[in-house]
Amino acid sequence: MQAPDSRPAASGPAGRLRLARVLLAAAVGCSSTDSTVRYYDSAAASVRYAAAPDTVSSLRIEEPCVGVRVDDEALVPPRPPNETDGIDYQEISLDEAIQYALSHAKVLRDLGGVINTPDVLQDTVYDPAVVNTDPLTGEEAALSAFDTTLAMGAFFEKNDREFNNTFIGDGGLLIQDLIDANFELRKQSATGSQLAARHRIEMDYDNSVGNRFGNPSASFQSILETEVRQPLLRGAGVRFNRIAGPGSRPGAFNGVLLARTRTDIGLAEFEAAVRDLVANVENAYWDLYFAYRDLDAKKRARDYALETYQAIAANKQSGRPEGVEENLGQALEQYWNFQAAVIDAQAGRTADGTRTGNGIGGGVGAAPVGVRLAERRLRLILGMPINGGSMLRPADEPVVAPVVLDWPVLVQDAMIARPELRRQRWRIKQLELELIASRNFLLPRLDVVGRYRWRGFGEDLISQSDQRFASAYGNLSGGDYQEWLLGVELEAPIGFRFAHTAVRNAEHSLARARAILDEQQRDVVFGLTNATADLQRAFAVSQAQYNRFQAARRQIEALQRAEEAGRTTIDLVLDAQRQALDTEIAYHLATIDYALSMRNVYYETGTLLEYNNIRLAEGRSPVGAYDDALELAARRTRPIEHVDRGVTVSRGPVE
C-alpha cells in the first residue's frame with residue numbers, strides 16, 4: 001500500500017506550474033478556461049452553469065470574474081527582510097513624507113485596516129467626484145431636470161370592421177389605414193413653467209363614401225402647436241424649483257441648490273479625510289523616530305551591561321572579591337534582559353501605535369512598536385510598497401521650544417476652519433432650504449394652461465398643386481385654421497395633512513441639526529482646551545525628563561569613577577544602568593509627545609493643512625488620471641456585442 005503524497009500542493013515543477021497558472025489568471029482577469037464558467041442568460045433570465053449536472057451547486061464557493069487590474073506588488077510582493085540581510089537606509093523628512101502620501105494615496109486611510117470594511121470606507125480621492133456625479137442627487141443630475149427633451153413617435157394602424165351604421169365606411173364596412181407621427185420638444189423652466197412645442201402628422205386612408213377626395217382615398221392633417229403650463233401657487237417661482245427641483249415631493253427634493261450643498265458637504269468630509277491622513281503620516285513618522293531612539297538606547301544599555309559582565313568575569317579570573325558568582329549572575333541576567341529588549345525594539349511586536357482619535361483628535365503618543373513595525377506602518381500610510389527597498393529613517397528632529405498661544409484667536413480659527421463644523425453648517429443650510437420647499441406644499445396647485453395650434457389639411461402631405469387642399473403643409477402655411485385653449489386647473493388636498501407633516505418634520509430636523517452644531521462647537525472648545533493644556537504639560541514634562549536624563553548620566557559617570565576606585569557595589573551599577581535606559585527612553589518619548597501636542601493644537605483649530613502648506617483646490621489632474629480617462633474613452637468607443645448575450649460571472653470554484 002502506497003502512502004499518500006504529503007508534499008505541499010505548490011512544491012515541485014508541477015506545483016510551480018500550477019501556481020504560475022493561478023497568478024496568470026489573476027493578472028489577466030476573466031480569461032479563465034475553467035469548464036464550470038457560470039454565465040447569465042438574459043433570454044432565460046436565470047443563472048446557470050455550463051457544467052455537468054452533478055457539479056451544479058448554488059452554494060459552492062467561487063471566484064468572481066471581475067475586470068480589475070492587479071497590482072504587481074500585490075500579486076507577487078517582495079518578501080519581508082531578515083535581520084541577516086544587508087540594510088540600506090534612506091533619510092526622509094516629514095515634509096517629504098507628507099508630500100509622498102498626498103501624491104500617491106488614493107484611499108485616505110488611517111493606520112487601521114480596510115480589508116474588512118471596504119463598503120463603509122468613505123475617505124478616498126474619488127469621493128468628491130462620486131458625490132458630484134451621483135446620477136440621483138448630484139449637481140449635473142439636478143440640472144438635467146431643466147434640459148430640453150426630444151420625443152418622437154410613429155404609429156401605424158389597420159382597421160377592418162363592420163358597423164351597424166351604413167353611413168360609416170362603405171355601407172357599414174370600414175377599411176382603414178391610419179398613421180400618426182409626432183415630434184415634440186419639452187422644456188422645464190426654472191420658474192416652474194412647462195413648455196412644449198409639437199408637430200403631428202396624421203394620415204387617414206379609408207373607404208368612407210363621404211370622402212372628399214374619393215372612395216377610397218387618403219387625407220393628411222399637419223398640426224403645429226405650442227403649450228404652456230404655468231403654476232401660480234404650488235411649484236411656482238425660481239427659488240422653489242432651484243431648491244426642490246421640478247416634479248418633486250416633500251422629503252424627496254433634488255434641486256440644484258440642494259445638490260450643491262451635498263457637494264459642499266462632501267468637500268468638507270474630504271478635507272477632514274486629508275487632514276487625518278496628514279496627521280497619521282506625522283503619527284507614523286514620529287513613531288518611527290522614537291523607535292530608532294528607543295533601539296539605540298537599548299543597544300547602549302545592552303553593551304554597557306556586557307562590559308559590566310566582562311569586568312566582573314575578569315575580576316573572578318584574577319581572584320578579586322568583586323568577581324563573586326552572585327555578581328556575575330546579576331550582570332548576566334541584566335545583559336540578557338537588555339538583549340531581549342533590543343530584539344523587541346528592533347523587530348517590533350504587532351500592536352497599535354499612534355493614530356488619530358486615540359485620546360484626542362490628532363492622536364497621542366502610544367507605546368513603542370519597534371523599528372521594523374514602525375517602518376512598515378509608515379510605508380503603509382504613505383502608500384509605499386510594504387516590503388523591499390531601503391529602510392526609511394526620519395531625518396527631522398522634534399523641536400522643543402516654548403510656545404505662546406493666543407486663546408481668542410485659536411477659538412476663532414477653530415470655529416471657522418474646522419471641517420466638521422463647516423459640514424454641519426452646510427447640513428443646516430440644506431435643511432433650511434428643504435423647509436422652504438416643504439412650506440410651498442401648503443399651497444394648493446393652481447396652474448394656468450395655454451395652447452395655440454395651427455392646422456393644415458390636404459389630400460397629400462406635400463404637393464406642388466395650387467389647389468386649396470392639395471397639400472397639408474401648404475394649407476398649414478396659409479394660417480387659415482388656428483385654434484387656441486386657455487384654462488385654469490386647481491388641485492388641493494383637503495386638510496393638507498401630508499404637507500403639514502412634511503413641514504413639521506423639516507422644522508424638527510432643522511432644530512436637531514442646530515442643536516448638534518452647538519454641541520459640536522462645545523466639543524471643539526473642549527478638544528482645543530485639552531490640546532493647549534496638553535501642550536503646556538508636554539513642554540514641562542520634556543524639561544523634567546531632560547533634567548532627569550542628565551542626572552542619570554551624571555550618576556553613571558560617578559559610579560564609573562567609584563567602580564574604578566573599588567568603592568561601589570554591583571547592585572548600584574546595574575540599577576544605574578536600568579535608570580539610565582529608562583530616563584533616556586522617557587526623554588525621547590517626552591520630546592515626541594511635545595511635537596504631537598503642538599500638532600494637535602493645529603489639528604483642533606482646523607489649520608493643520610495650512611500649517612503644512614497644503615491647499616485643496618481644483619487643478620490639473622495627475623498623469624495617471626489622463627491615462628485612466630483614455631482607457632475609459634477606449635472602452636466607450638468599443639463596438640457593442642449585439643449577438644453574444646452571455647456574461648461571464650465566475651471563473652469557477654475556489655480551490
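Is the crossing of α3 and α7 left-handed or right-handed? It's right-handed, where right-handed means the near helix is turned clockwise from the far one by less than a right angle. A heads-up before the views: this is a predicted model, where local features need pLDDT of at least 70 and side-chain atom pairs count only at pLDDT 80 or more, while totals for chains, interfaces and linings use all residues. Residues are numbered from 1 along each chain, and side-chain values use heavy atoms, with hydrogens and water left out.

**View 1. Helix α3 (residues 94-104) packs with helix α7 (residues 256-318).** Contact (heavy atoms within 4.5 Å) involves residues including Leu-94 and Ala-97 of α3 and Val-281 and Trp-286 of α7.

**View 2. Here's the largest nonpolar core, with 49 residues.** Such a core is a set of buried (under 20% relative accessible area) Ala, Val, Leu, Ile, Met, Phe, Trp, Tyr and Cys residues joined through side-chain atoms within 4.5 Å. Val-281, Trp-286, Leu-378 and Leu-382 touch the most other members. Helix α7 gives the largest share, 19 residues. Setting aside residues up to four places away in sequence, Leu-382 touches Ala-97, Ala-101 and Val-281, among others.

**View 3. Arg-212 sits in the loop between β7 (194-206) and β8 (217-231).** Arg-212 is exposed because its relative accessibility is 58%, and exposed means over 50%. Beyond neighbours within four places in sequence, Arg-212 contacts Phe-457 and Phe-469. Glu-459 is 247 residues from Arg-212 in sequence, yet their C-alpha atoms are 8.9 Å apart.

Terms used:
Axes are lines fitted to C-alpha atoms, for helices over the stretch in contact, and angles run from 0 to 180 degrees between N-to-C directions. Helices (H or I, at least four residues) and strands (E, at least two) are DSSP runs, numbered from the N terminus. Buried means under 20% relative accessible area, exposed over 50%, partly exposed in between (1.4 Å probe, protein chains only).
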